[in-house]
Amino acid sequence: VSVFGVTMAQEDMSLADAIRTARHQSVEALEARQAFISTYWAYRSYQASRLPSVYMYGDIMNFDRSLTLLQNPEDGSLKYVSSNNLQNGMGIQMNQNITLTGGTLSVFSDLSRIDQFGANKSLTWYSRPITISYYQPLFTYNQFKWDKKIEPKAYEKGKRDYLEAMEAITINVVYAYHNLVLAKMNNEISKSNFANSGNMLRIAKERLMLGDVSKADCLQLELRMLNDSISINETAVQVREAQMVLNSYLGYDESFEVTPSMDDIIPDIRMDYDLVMEKSLENSSFCLDNELSLLNAESAVEHAKASR
């Protein structure tokens with residue numbers, strides 16, 4: 001199909017298909033999906049920070065061949081002593097952040113080996129089977145405590161924002177879809193009016209020859225026919241604009257034409273005001289947004305106090 005000199009692909013699409021397509025591939029849907037993914041991984045990072053971290057460390061093949069200046073403690077003389085050894089060490093450590101206090105509990109175990117070369121060749125082992133340490137900053141900002149308060153709510157808000165974005169896309173697609181239907185109907189009405197005006201003008205000209213109508217009546221019909229032709233062009237432009245708006249929500253370019261396919265049966269939907277109000281207050285992101293704003297403000301105040 002060619003419209004305004006542009007070849008367009010056509011597809012019959014119901015309202016349900018348009019909503020499904022927009023929620024899957026529209027720009028707004030992609031933005032909402034990426035925003036939720038970002039929120040999801042931020043929450044996963046917070047959860048990981050509450051779990052123990054285990055890692056291995058080591059110092060492998062550390063070879064030392066050098067001269068070291070030493071002082072005799074008895075006579076105070078200085079002399080260089082040759083050092084020729086190989087050091088190897090390995091250990092494992094586990095850290096656990098403590099949310100209540102903001103400290104970090106560490107448990108580690110390591111084993112070292114020193115190979116001494118030269119005239120006094122020897123082998124030495126050194127082991128720390130288990131060592132427990134606790135690091136506690138004093139009078140500082142407790143990041144762990146505030147993350148526990150903020151991050152779960154931020155994740156819940158991210159989920160609600162995503163659902164609200166999907167519903168907003170649905171609403172916009174419904175408006176765009178029905179605007180396209182209305183524009184096409186107006187265009188068809190304009191074409192029908194133009195055809196009717198042409199028939200009436202043809203009949204009026206025949207009756208003018210018989211003297212049944214006046215010249216003024218024929219001119220009025222010509223003017224009406226001219227207005228109808230202008231209306232066809234105007235409604236065609238409206239159809240094109242409505243088509244482009246809908247295409248933008250569907251993720252299609254301007255070369256794609258959607259032919260609306262309306263359902264014959266309109267569903268009977270009944271909604272209770274009290275239930276709608278209750279669910280809105282319960283599931284809206286507005287309340288969570290306010291709670292997060294308050295928590296972030298309190299966190300900033302405590303951080304400022306601790307920084308002093």
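Helices (H or I, at least four residues) and strands (E, at least two) are taken here as DSSP runs, numbered from the N terminus. The model is a predicted one, in which local features need pLDDT of at least 70 and side-chain atom pairs count only at pLDDT 80 or more, while totals for chains, interfaces and linings use all residues. Residues are numbered from 1 along each chain as its sequence is written, and side-chain values use heavy atoms, with hydrogens and water left out.

Phe139 sits in the loop between β7 (122–135) and α3, and its phi is near 55 degrees, a positive value in a residue other than glycine. Most residues other than glycine have a negative phi.

Met61 leads us on to the surface. Together with Val54, Met56, Ile60, Met90, Ile92 and Met94, Met61 forms a nonpolar patch with about 720 Å² of accessible area in total. Such patches are made of residues with over 30% relative accessible area and no salt bridge, nonpolar side chains (Val, Leu, Ile, Met, Phe, Trp, Tyr) being joined within 5 Å and like charges within 9 Å. The areas come from the Shrake-Rupley method with a 1.4 Å probe, and for residues only the protein chains shown count as cover. Two elements, β4 (53–71) and β5 (78–97), each give two or more residues to the patch. The largest share, four residues, comes from β4. Met90 belongs to strand β5, and at 45% relative accessibility this methionine counts as partly exposed.

Now for the aromatic residues. Searching the whole structure gives eight aromatic pairs; rings of Phe, Tyr and Trp (its six-membered ring) pair if their centres lie within 6.5 Å, and planes under 30 degrees apart count as stacked, over 60 as edge-to-face and the rest as tilted. The ring centres of Tyr40 and Trp41 are 5.2 Å apart and the planes stand at 75 degrees, so this pair is edge-to-face. Tyr40 also pairs with Tyr155: here the centres are 6.4 Å apart and the planes at 50 degrees, so the arrangement is tilted. Because Tyr40 lies in helix α2 (residues 27–49) and Tyr155 in helix α3 (residues 143–210), this contact ties together parts that are 115 residues apart in sequence. Tyr40 is partly exposed, with a relative accessible area of 26%, whereas Tyr155, at 16%, counts as buried. Both tyrosines belong to one aromatic cluster, along with Phe36, Trp41, Tyr43, Tyr46 and Tyr162. Another ring to look at is that of Trp146: Lys149 lies over its face, at 4.5 Å from the ring centre. A charge sits over a ring if NZ of Lys or CZ of Arg is within 6 Å of the ring centre and within 35 degrees of the ring normal.

Charged pairs complete the tour. Side chains of opposite charge can pair when their charged atoms come close. With a salt bridge defined as a side-chain nitrogen of Lys or Arg within 4 Å of a carboxyl oxygen of Asp or Glu, the count comes to eleven. In one of them, Lys157 meets Asp161 at 2.7 Å, N to O. Both residues lie in helix α3, four residues apart, about one turn of the helix. Lys157 is buried at 17% relative accessibility, while Asp161 is partly exposed at 28%.

Lys184 makes a salt bridge with Glu257, with the closest N and O atoms 3.4 Å apart. This pair links distant parts of the chain, since Lys184 is in helix α3 and Glu257 in strand β8 (residues 256–260), 73 residues apart. Lys184 is partly exposed, at 21%, and Glu257 is buried, at 10%. Arg113 and Asp115 form another salt bridge, the closest N and O atoms being 2.9 Å apart. Finally, Glu156, Lys159 and Arg160 are linked in a network of salt bridges.

Key: Buried means under 20% relative accessible area, exposed over 50%, partly exposed in between (1.4 Å probe, protein chains only).
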